[in-house]
Amino acid sequence: ADLLLIVRGMETVPENILKQFGLDAQVNQIETIGSGRIHDTFLASGPSCSWIVQRINTNVFPQPEIIASNLKHASVHLSRRYSDYHFLSAILTTDGKEMAQDDDDEGGSPWRLFPYIQGAITLEEVETPEQAYHAAKGFASLTRRLDTVDPNFFRPTIDKFHDLVHRWEQFEEALVHATADRKQNAKLATQQAQSYNFLVQDYVRIVGQLKERIVHNDTKINNILLNPNKNYEAVCVIDLDTLMPGYFIYDLGDMVRTFVSPASEDEEDLKLIQFRKPIYNALLDGYLSEMKDCLTSAELEAIPFAPMMMTFIVAIRFLADYLNGDLYFKTLYPDQNLIRATNQLQLLSVLSVSLPYPSP
């Protein structure tokens with residue numbers, strides 16, 4: 001049958017990619033889906049089934065085969081130890097590969113395919129403590145089940161992704177090489193960021209006491225599928241590109257960063273950035289319902305540091321990207337990364353008076 005595509009959005013999935021997954025005769029509609037800043041993601045639908053098709057951004061993930069390897073090791077471990085656990089594994093090409101290559105693309109972009117789960121949703125904002133509890137429990141459930149996996153099987157998909165020392169060095173380097181205009185525009189945000197650089201030394205001290213684990217590393221609320229018909233219970237964790245060695249503070253901290261305020265990272269009205277204590281309490285309860293018995297005493301003591309550290313690292317990453325000329329994060333308008341950095345620095349200020357973490 002001829003392939004009829006009803007395309008909604010700027011781009012679509014190349015026909016040769018669909019053929020490699022054996023879908024060229026089944027798909028009759030493709031539309032963009034999701035709000036991710038890194039990959040291009042599409043919903044491909046046929047008369048009776050749908051799939052998620054995603055082009056991997058090799059500028060961010062230059063070795064996508066590491067992603068595939070990490071997911072394969074996690075999938076094997078989970079299927080052996082927790083056969084009832086829903087882990088979102090990639091669908092193989094017709095010749096048994098984890099990814100398809102676009103031969104018509106000059107760079108040969110890799111594509112991958114996942115099942116589309118009917119009835120499950122993602123959220124862009126946490127609205128209720130119930131949602132926070134189940135999402136945090138869902139992320140923690142994956143971490144707990146990977147607690148016994150051999151971490152030597154996993155490699156970083158992005159080196160030093162949440163290494164605060166490394167990110168601070170990148171920020172300082174961006175500041176040195178920024179244009180005069182960008183440096184001036186970012187002057188206030190730069191001063192605010194520099195006032196929190198004590199967190200860098202705290203990070204060095206604290207991570208030396210933590211257990212290295214296989215963690216998700218990107219636990220935003222829209223990276224987990226929830227069932228709205230079952231009190232928003234978790235269905236499965238998604239966006240597993242950064243499933244790799246790290247520390248629990250990365251996951252817990254990013255949850256707090258993205259759950260507790262009703263304002264998104266792009267919100268310009270700083271008055272809307274708040275700390276919703278009921279959301280925070282529910283999030284922590286959900287996370288600890290799975291992870292409390294796995295965490296060491298040093299890790300439990302580090303809980304208040306986690307959101308401070310993760311909010312700070314995201315703020316200086318946005319700020320460094322602005323100073324560098326917006327090379328990493330997708331932007332839709334001028335100064336968007338500066339707005340994001342200012343937003344996160346305001347959230348950091350709110351967290352600093354809301355959490356039991358001592359300032360110098």
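Me: Contact means heavy atoms within 4.5 Å. Leaving aside neighbours within four places in sequence, what is Y357 in contact with?

Reply: The partners are F198, L199, D202, R205, I206, P304, F305 and M308. A word on the source: this is a predicted model, where local features need pLDDT of at least 70, side-chain atom pairs count only at pLDDT 80 or more, and totals for chains, interfaces and linings use all residues. Residues are numbered from 1 along each chain as its sequence is written, and side-chain values use heavy atoms, with hydrogens and water left out.

Me: Where is Y357, and why is Y357 called buried?

Reply: Y357 is found in the segment after α12. Helices here are DSSP runs of H or I with at least four residues, strands are runs of E with at least two, and both are numbered from the N terminus. Buried means under 20% relative accessible area, exposed means over 50%, and partly exposed is in between (1.4 Å probe, protein chains only). Y357 has a relative accessible area of 10%, so Y357 is buried.

Me: What makes the Y357 and D202 side chains a polar contact?

Reply: The two side chains come to 2.5 Å. A polar contact is a pair of N or O atoms within 3.5 Å; within protein, one must be able to donate a hydrogen and the other to accept it, and residues adjacent in sequence count only if both atoms are side-chain atoms. The pair Y357 and D202 therefore qualifies.

Me: Why are α3 and α8 called roughly antiparallel?

Reply: Two packed helices are described by the angle between their axes and the distance between the axes. Axes are lines fitted to C-alpha atoms, for helices over the stretch in contact, and angles run from 0 to 180 degrees between N-to-C directions. Helix α3 (residues 129–145) and helix α8 (residues 248–259) cross at roughly 160°, and their axes come within 11 Å. Angles under 35 degrees count as roughly parallel, over 145 as roughly antiparallel, 65 to 115 as roughly perpendicular and the rest as oblique. That is why α3 and α8 are roughly antiparallel. The contact involves A132, A135, A136, F139 and T143 of α3 with D251, M255 and F259 of α8.

Me: How do the residues of the α3 and α8 contact divide, and which residues count as nonpolar?

Reply: They divide into 6 nonpolar, 1 polar and 1 charged. Ala, Val, Leu, Ile, Met, Phe, Trp, Tyr, Cys and Pro count as nonpolar, Asp, Glu, Lys and Arg as charged, and the others, Gly among them, as polar.

Me: What makes α3 roughly parallel to α9?

Reply: α3 and helix α9 (residues 277–291) pack at about 25°, with axes 7 Å apart. That angle makes the pair roughly parallel. Residues of α3 in the contact include P129, Y133 and R145, and those of α9 include P278, Y287 and M291. The contact divides into 11 nonpolar, 4 polar and 5 charged residues.

Me: Why are α4 and α6 called roughly antiparallel?

Reply: Helix α4 (residues 164–177) and helix α6 (residues 187–194) pack at about 150°, with axes 13 Å apart. The pair is therefore roughly antiparallel. W168, F171 and L175 of α4 meet T190, A193 and Q194 of α6. The tally is 4 nonpolar, 2 polar and no charged.

Me: Is the crossing of α4 and α6 left-handed or right-handed?

Reply: Left-handed. A crossing is left-handed if the near helix is turned anticlockwise from the far one by less than a right angle, and right-handed if clockwise. The crossing of α3 and α9 is right-handed.

Me: How do you know whether D218 is buried or exposed?

Reply: D218 has 16% relative accessibility, so D218 counts as buried. D218 lies in the loop between β7 and β8. Its side chain makes a polar contact with that of K220 at 2.6 Å. Beyond neighbours within four places in sequence, D218 is in contact with N223, D239, T242, D251 and D254.

Me: What class does G325 fall into, buried, exposed or partly exposed?

Reply: Its relative accessible area is 32%, so G325 is partly exposed. G325 lies in the loop between α11 (305–323) and α12 (336–354). G325 and A174 are 9.4 Å apart, C-alpha to C-alpha, at a sequence separation of 151 residues.
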